Amino acid sequence: QVQLVESGGGLVQAGGSLRLSCAASRNIFTFNVMGWYRQAPGKQRELVARITSGGSTAYADSVKGRFTISRDNAKNTVYLQMNSLKPEDTAVYYCNAIYGINYWGEGTLVTVSS
């Protein structure tokens, strides 16, 4: 069983920054892919960013140049640095890990005020 615990969400003004953290209950190097998804009210969950065990990254077009995903294998933690936040970034952000199957955290709420 894998547990993922997100933290770092909160309320921020447009243009501000937040850093989300996802702490895993096991060595994250064993995960093929880890990522961040988000779900806004009334919308489907969407991929924000992902990082492979080899360090390759990919981003949604809407966050390219503003968000950065990174990993600290020693701390079993994946981060999402979010800069230049916009009101449309408001959502619950979920951590995801693939280890045979998909594992999800419970999510952390990010609210960006205009």
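**Exercise 1.** What radius of gyration would a compact globule with 114 residues have, and what does the protein chain have?

Solution. Step 1: the radius is taken over C-alpha atoms, and the globule rule is 2.2 Å times the number of residues to the power 0.38. Step 2: for 114 residues the compact globule would be near 13 Å. Step 3: the protein chain has 13 Å, which agrees.

This is a predicted model: local features need pLDDT of at least 70, side-chain atom pairs count only at pLDDT 80 or more, and totals for chains, interfaces and linings use all residues. Residues are numbered from 1 along each chain as its sequence is written, and side-chain values use heavy atoms, with hydrogens and water left out.

**Exercise 2.** State how many helices and strands the protein chain has.

Solution. Step 1: helices (H or I, at least four residues) and strands (E, at least two) are DSSP runs, numbered from the N terminus. Step 2: the count is 0 helices and 11 strands.

**Exercise 3.** Locate the disulfide and give its handedness.

Solution. Step 1: a disulfide is a pair of cysteine sulfur atoms within 2.5 Å; the structure holds 1. Step 2: cysteine 22 and cysteine 95 form the disulfide, with sulfur atoms 2.0 Å apart. Step 3: cysteine 22 lies in strand E3 (residues 18–24) and cysteine 95 in strand E9 (residues 91–99), 73 residues apart. Step 4: the torsion about the S-S bond is about -80°, so the disulfide is left-handed.

**Exercise 4.** Are cysteine 22 and cysteine 95 buried or exposed?

Solution. Step 1: buried means under 20% relative accessible area, exposed over 50%, partly exposed in between (1.4 Å probe, protein chains only). Step 2: cysteine 22 has 0% and is buried; cysteine 95, at 0%, counts as buried.
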